[in-house]
Amino acid sequence: MSDRPIPLRAVRTAAKCPVCGKEVTASYRPFCSKRCADIDLGRWLKEGYRIETDEGPPDDQSGGGGPTGQER
Ligand SMILES: [Zn+2]
């Protein structure tokens with residue numbers, strides 16, 4: 001149990017994209033492509049906001065006669 005070096009490279013290469021499950025690209029670790037990176041980021045942000053403000057919808061209408069009553 002000592003003649004068994006851990007193949008770090010293999011571990012790295014074995015990494016898979018958490019979004020689609022494809023092989024990870026070194027340029028976009030830990031994702032396979034920028035697209036997946038954006039998707040994951042979007043999900044993360046959405047969930048984060050959801051958790052923060054679960055009750056009451058956010059600004060539904062922005063820039064359309066809001067209750068603030070501000071004149072332009
Ligand atoms: Zn992917």
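Helices here are DSSP runs of H or I with at least four residues, numbered from the N terminus. The model is a predicted one.

The protein contains two helices and zero strands. Of its 72 residues, 6% are buried.

Next, select α1 (8–14) and α2 (34–52), and then the loop between these helices, where Pro 30 is found. Display the backbone at Arg 29 and Pro 30: the peptide bond that joins them is cis, with omega about -5°. For context, most peptide bonds are trans.

Keep Pro 30 selected and show its surroundings. Is Pro 30 buried or partly exposed? Pro 30 counts as partly exposed because it has 14 C-beta neighbours inside 10 Å, whereas a buried residue needs 20 or more. Leaving aside residues up to four places away in sequence, Pro 30 touches Ala 15, Pro 18 and Val 24.

With 17 other C-beta atoms within 10 Å, Val 19 is partly exposed. Which residues does Val 19 touch, not counting those up to four places away in sequence? They are Phe 31, Cys 36, Ile 39 and Asp 40.

Finally, select Asp 38 together with Val 19. These two residues are 19 residues apart along the chain, and a distance of 9.9 Å separates their C-alpha atoms.

Note on methods:
Residues numbered from 1 in each chain as written. Predicted model: local features only at pLDDT ≥ 70, side-chain atom pairs only at ≥ 80, totals over all residues. Buried ≥ 20, exposed ≤ 12 C-beta atoms within 10 Å, placed from the backbone. Contact = placed C-beta atoms within 7 Å.
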